[in-house]
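I opened this model to look up its pockets, its aromatic contacts and its nonpolar core, and I kept notes as I went.

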Amino acid sequence: MTADPPRRRLAPGRLVVATHNAGKLREIRTLLAPFGFDAVSAAELGLPEPEETGATFEENAILKAEAAARAADLPALADDSGLAVDALDGAPGIYSARWAGPDKDFAQAMRNVEEELQKAGATTPGARSARFVAALAVAWPDGHVETVRGEIEGTLVWPPRGTQGFGYDPMFLPDGLDRTFGEMSADEKHGGDRNDPDNPPLSHRARAFATLVDTFIEA
């Protein structure tokens, strides 16, 4: 049997974060801060947003990372993430941002999700299970790409609670906790220790990032 080739390490230095979402950029910069990266966003570089035509979170993350890496001639990190609701057959899924419309109105997006849950008769906590999914892709200018994934299970609440975080955070209650992501500080949301199986990172993006650090960044 042929062994898998070693995965490429990401050297600290200038890194493009392939996003135009200010909230997502803040989260990723916080996660990158301890590792010596100078993170600059695609928006700050004036790079266009590529059309997200992938059928999975990973495919869309790769599209964004590759476009930014080529345009900036630098390694690029992209995230594609969203909310997958069981009662809605996984929707909004990869279309989570589109449910917010052209104005990125996530208050409306949450109302849209709630309306669909009501239509589906998903009115009890047991019928409102969902998960946040994050796929991270790192692309290099030579075309090499690596991906990792993180997920967290939870229940959707209504009305939304809290004003922290972004996106669907105020209606997402992680399993085993009594506060939504919208009620948590960034430190709480990303808390945990990637080296402690009894206290892993909490958010989907932090979990994906922990895998990225262990796989691509640490020597």
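The entries below follow the order in which I looked things up.

**Entry 1, ground rules.** I am working from a predicted model, in which local features need pLDDT of at least 70 and side-chain atom pairs count only at pLDDT 80 or more, while totals for chains, interfaces and linings use all residues. Residues are numbered from 1 along each chain as its sequence is written, and side-chain values use heavy atoms, with hydrogens and water left out.

I took a pocket to be an open set of points, on a 1 Å grid over the protein atoms alone, where a 1.4 Å probe fits and protein lies on both sides within 12 Å along at least five of seven lines; lining residues have an atom within 4 Å of a point. The volume is the space filled by probe spheres set on the points, and for the largest pocket I noted about 840 Å³. Its lining has 39 residues, of which N21, K24, E52, A97 and K104 are the closest to the centre. I then looked up the elements, which are DSSP runs numbered from the N terminus (helices H or I, at least four residues; strands E, at least two). At least two lining residues come from each of α1 (22-32), α2 (57-72), β3 (76-85) and α5 (204-217), and α2 has the largest share, with five. By class, I recorded 16 nonpolar, 11 polar and 12 charged residues in this lining, with Ala, Val, Leu, Ile, Met, Phe, Trp, Tyr, Cys and Pro counted as nonpolar, Asp, Glu, Lys and Arg as charged, and the others, Gly among them, as polar.

The lining of the second largest pocket divides into eight nonpolar, three polar and two charged residues.

I found five aromatic pairs, where rings of Phe, Tyr and Trp (its six-membered ring) pair if their centres lie within 6.5 Å, with planes under 30 degrees apart counted as stacked, over 60 as edge-to-face and the rest as tilted. The pair of F106 and Y168 is edge-to-face, because the ring centres are 5.4 Å apart and the planes are at 80 degrees. F106 is in helix α3 (residues 106-119) and Y168 in the loop between β5 (145-156) and β6 (172-174), 62 residues apart. Are these two buried or exposed? Y168 is buried at a relative accessible area of 3%, and F106 is also buried, at 19%, where buried means under 20%, exposed over 50% and partly exposed in between (1.4 Å probe, protein chains only).

F132, F172 and F181 form one aromatic cluster.

I used buried Ala, Val, Leu, Ile, Met, Phe, Trp, Tyr and Cys residues joined through side-chain atoms within 4.5 Å. The largest such core has 22 residues, and L10, L32, L77, L136, F209 and L212 have the most contacts inside it. At least two of its residues come from each of β1 (14-17), α1, β4 and α5, with α5 supplying the largest share, seven.
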